[in-house]
Amino acid sequence: MTSSSTPGLTRFNTLADGEATPALHEVCASATWGNMILAGRPYATEEALLSASDAAMATLTAEDLAEAMAGHPPIGRPKPGDPTSSREQRGMAGASEELKTEMLELNLAYQERFGHVFLICATGATGEQMRDAVKSRIGNSPEQEQEIVRTELGKINRIRLTRLVTETLAEGAPAQDS
């Protein structure tokens, strides 16, 4: 992590709330999480931002977690026009038809059991690793699964926040007139 502010972090810190809110919603669909991140600005470092994200995740209620999960498509079925989910779920892109079918069935069984999509930090995971994870987690209690989901969401948020302040905002930052 970086020990000083980056151009992307500086831009994030200075965005009007009306611009920062939709950017944060792309990171995490929980309004509570987004409001906590907004309220903590300005962040001195990327690590401070990531730590704030972790702290916010730790306080989310079951309802907040459900709202956050609603922003995630099922594994293997990213929403059309959603480059973030497509990039994160890349491990399923080259999966066999058999594996894709198995994941669909497992996703449906998981959703029936827990009432929400199977959520995993899929970045860098293969289709087989995602399949094995859903198989191992489907037997969890709802309480165990809620805490695993909280952890997985936290990992996803860290990756997405890092991308937000190092790529998107840094590239889109207007030229400085100083």
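Modeller: Helix α3 (residues 31-39) and helix α4 (residues 46-59) pack with their axes 9 Å apart, at an angle of about 140 degrees. Axes here are lines fitted to C-alpha atoms over the stretch in contact, with angles from 0 to 180 degrees between N-to-C directions; helices are DSSP runs (H or I, at least four residues), numbered from the N terminus. From α3, the contact (heavy atoms within 4.5 Å) draws on Trp33, Met36 and Ile37, and from α4 on Leu49, Ala52, Ser53, Ala56, Met57 and Thr59. Seven of these residues are nonpolar, two are polar and none is charged, where Ala, Val, Leu, Ile, Met, Phe, Trp, Tyr, Cys and Pro count as nonpolar, Asp, Glu, Lys and Arg as charged, and the others, Gly among them, as polar.

Please keep in mind that this is a predicted model, where local features need pLDDT of at least 70 and side-chain atom pairs count only at pLDDT 80 or more, while totals for chains, interfaces and linings use all residues. Residues are numbered from 1 along each chain as its sequence is written, and side-chain values use heavy atoms, leaving out hydrogens and water.

Further along, helix α5 (residues 62-69) has Asp64, Leu65, Ala68 and Met69 buried, meaning under 20% relative accessible area (1.4 Å probe, protein chains only). Seen down the axis of α5, these fall within an arc of 135 degrees, so they line one face of the helix; the arc is that of the directions from the helix axis to the C-beta atoms.

In the loop between α5 and α6 (83-88) you will find His72, which counts as buried at 9% relative accessibility. Beyond its neighbours within four places in sequence, His72 is in contact with Val117, Leu119, Leu153, Ile156 and Arg160.

Technical notes: Helices (H or I, at least four residues) and strands (E, at least two) are DSSP runs, numbered from the N terminus. Buried means under 20% relative accessible area, exposed over 50%, partly exposed in between (1.4 Å probe, protein chains only).
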